[in-house]
Amino acid sequence: MHTTARFADALAAESPLQIAGAINAYAAILAENAGFRALYVSGGGVANWSYGLPDLGMTTRDDVLEDVRRITDVTSCPLLVDIDTGWGQALNIARTIHTMENAGAACVHIEDQIGTKRCGHRPGKALVSADEMVDRLKAAVDARDSLGIMARTDAIAVEGTEAALERAARYVEAGADYLFVEAAPDPSIYRQFAELGVPVLANMTEFGRSPLVTTDELAANDVSMVLYPLSAARAMAAAADTVYREIRSQGTQTHVVEQMQTRDALYQHLNYAAYEQRIDHLFNKQQHVDDQTD
């Protein structure tokens, strides 16, 4: 089944659909094994984790594609990908859409910030005009084969809810399949965007402008998708920081071993035994051939 169809199926099977951020291939495996039906590659996650950079539009399409390919190689979950502002004008956006689709992405979201973008929950955001964002969306929609196109608006924090709704209505008219409503200060706001007729995503990112609420509360406000872009990554970072400092200060990891995933658990998630069995089978087969030719 095509990845875009799998995304639509996941959306139909779970309401609201929980989408887990995965910062690398192994994180994607863990999320899928935990039962998530859809995964996410965050632009901020790529910048922070893969390149050690802040989320300020400093990474490229190819940087994101590398992580996308690694994840789609190891999971059957449909993948939503953050393509920031599309990395250029119409022709570059078209190329972004083609390459993301070829890399196995199921859906991408493109936003209405200016090219030198900022994290959606930081001050100082600036937007392009609604006309320019419509042009971005038209370029994306025209270029796709079957890729889902999600329009993200950062307008609530910059222009207010009414202006954001006006923008979102134009984005839907331009062909957006879904809406990503960034930095909503109250869950009830999502219901207004859902009235525009396409599924709405709520971003439950920690330490941001939106309150962290349950899927039940979001469902009551007509949210169709809930995103947890870097929840596991933040936990990983805190654990790693603790372990590094413990080893450095104490000269041993003895007191933090209980915080670590065991070797057996790692092997289970990676299906390590199956790889070993394949090696043994191939080796034994080759040994048999060698014995026959002696």
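Student: In this predicted model, which residues of the largest nonpolar core touch the most other members?

Tutor: Of the 64 residues in that core, the ones that touch the most other members are Val-81, Ile-97, Met-100, Leu-137, Tyr-190 and Phe-193. Helix H6, residues 130–143, gives the most to this core, with six residues.

Student: Which residues does Phe-193 touch, not counting residues up to four places away in sequence?

Tutor: Phe-193 touches Thr-153, Ile-156, Thr-161, Ala-164, Leu-165, Ala-168, Leu-179, Val-181 and Val-200. A second, separate core of 16 residues also exists, and it includes Phe-7, Ile-19, Phe-180 and Leu-201.

Student: Why does Asp-82 count as buried?

Tutor: Buried means under 20% relative accessible area, and Asp-82, at 3% relative accessibility, therefore counts as buried. Asp-82 lies in strand E3, residues 79–82, and, leaving aside its neighbours within four places in sequence, is in contact with residues including Tyr-40, Val-64, Trp-87, His-109 and Glu-111.

Student: What makes the approach of Asp-84 to the side chain of Asp-82 fall within the distance limit for a polar contact?

Tutor: The backbone nitrogen of Asp-84 lies 2.8 Å from a polar atom of that side chain, and the limit is 3.5 Å, so the pair is within it.

Student: Why is helix H3 called roughly perpendicular to helix H4?

Tutor: H3 (residues 43–51) and H4 (residues 61–72) pack at an angle of about 85°, with their axes 10 Å apart; because angles of 65 to 115 degrees count as roughly perpendicular, H3 is roughly perpendicular to H4. Val-46, Ser-50 and Tyr-51 of H3 meet Asp-63, Val-64 and Asp-67 of H4, which by class gives three nonpolar, one polar and two charged residues.

Methods:
Residues are numbered from 1 along each chain as its sequence is written. This is a predicted model: local features need pLDDT of at least 70, side-chain atom pairs count only at pLDDT 80 or more; totals for chains, interfaces and linings use all residues. Side-chain values use heavy atoms; hydrogens and water are left out. Helices (H or I, at least four residues) and strands (E, at least two) are DSSP runs, numbered from the N terminus. Buried means under 20% relative accessible area, exposed over 50%, partly exposed in between (1.4 Å probe, protein chains only). A polar contact is a pair of N or O atoms within 3.5 Å; within protein, one must be able to donate a hydrogen and the other to accept it, and residues adjacent in sequence count only if both atoms are side-chain atoms. Contact means heavy atoms within 4.5 Å. Axes are lines fitted to C-alpha atoms, for helices over the stretch in contact, and angles run from 0 to 180 degrees between N-to-C directions. Angles under 35 degrees count as roughly parallel, over 145 as roughly antiparallel, 65 to 115 as roughly perpendicular and the rest as oblique. Ala, Val, Leu, Ile, Met, Phe, Trp, Tyr, Cys and Pro count as nonpolar, Asp, Glu, Lys and Arg as charged, and the others, Gly among them, as polar. A nonpolar core is a set of buried Ala, Val, Leu, Ile, Met, Phe, Trp, Tyr and Cys residues joined through side-chain atoms within 4.5 Å.
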